[in-house]
Amino acid sequence: MFPLNKKAAAAAVYSIYMDKLIVGIAGALGIVAVHWFFFMKKTKETIANGPSIDIRVEGGYSPESITIPVGKTTILNFTRTDPTSCLEEVVLSDFRIRRQLPLNQKVPIAITPQKTGEFTYSCGMNMYHGKIMVR
Ligand SMILES: [Cu+2]
């Protein structure tokens, strides 16, 4: 009798885990689908002269926070080395920029902030964040 109950309990626990796993997989597929939906056309960038900052995209953005001068053009060189589809697009909403980041390619994004403050940017799904401090 006892071994049978133990077996039943184990089966119940297993089924709960399976439910969670299925929900997890469904959620992940949903995220991928949304990313595909928002896939946008590549645009050519006009590169302005001025200082640049390299930002590596790998499990997030590094450096996560950068400081750039107000009223001057700074080029942010994004290089994505992370194959996660989540990071394949970067959105600098304050600067009205949305750009694809092909794997292992340097993508220069020039910005010229007109006011000081803290600005955030993110991946296309708003899950990973980076910060731009304008001084
Ligand atoms: Cu994302």
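1. Let's start with the parts list: the protein chain has one helix and nine strands. Both come from DSSP runs numbered from the N terminus, a helix being H or I over at least four residues and a strand being E over at least two. Reading along the sequence, you get α-β-β-β-β-β-β-β-β-β.

2. Before going on, some housekeeping. This is a predicted model, where local features need pLDDT of at least 70, side-chain atom pairs count only at pLDDT 80 or more, and totals for chains, interfaces and linings use all residues. Residue numbers run from 1 along each chain as its sequence is written.

3. Have a look at the open sheet of four strands, whose order is S2-S1-S4-S7 with mixed pairing. Strand S2 (61-62) and strand S7 (106-111) each have a single partner strand, so they stand at the edges with one side left without a neighbour in the sheet. "Pairing" here asks that DSSP find at least two bridges between two strands.

4. Now zoom in on S4 (residues 74-80). It runs parallel to S1 (residues 52-57), and six bridges join the two. You can find Ile55 with Phe78 as its bridge partner in S4, and Val57 opposite Arg80. With S7, S4 pairs in the antiparallel sense, again over six bridges; there, Leu76 stands opposite Ile109.

5. Strand S3 (residues 65-68) runs parallel to S9, joined by four bridges, with Thr67 opposite Met133.

6. On to S8 (residues 117-123), which runs antiparallel to S9 and is joined to it by six bridges. Thr120 has Lys131 as its bridge partner in S9. S8 and S9 form a hairpin with five residues between them, and Asn126 in the turn has a positive phi of about 60 degrees.

7. Last, contacts along the chain. Of those between residues at least 6 apart in sequence, 56% join residues at least 24 apart. A contact needs two C-beta atoms, placed from the backbone, within 7 Å.
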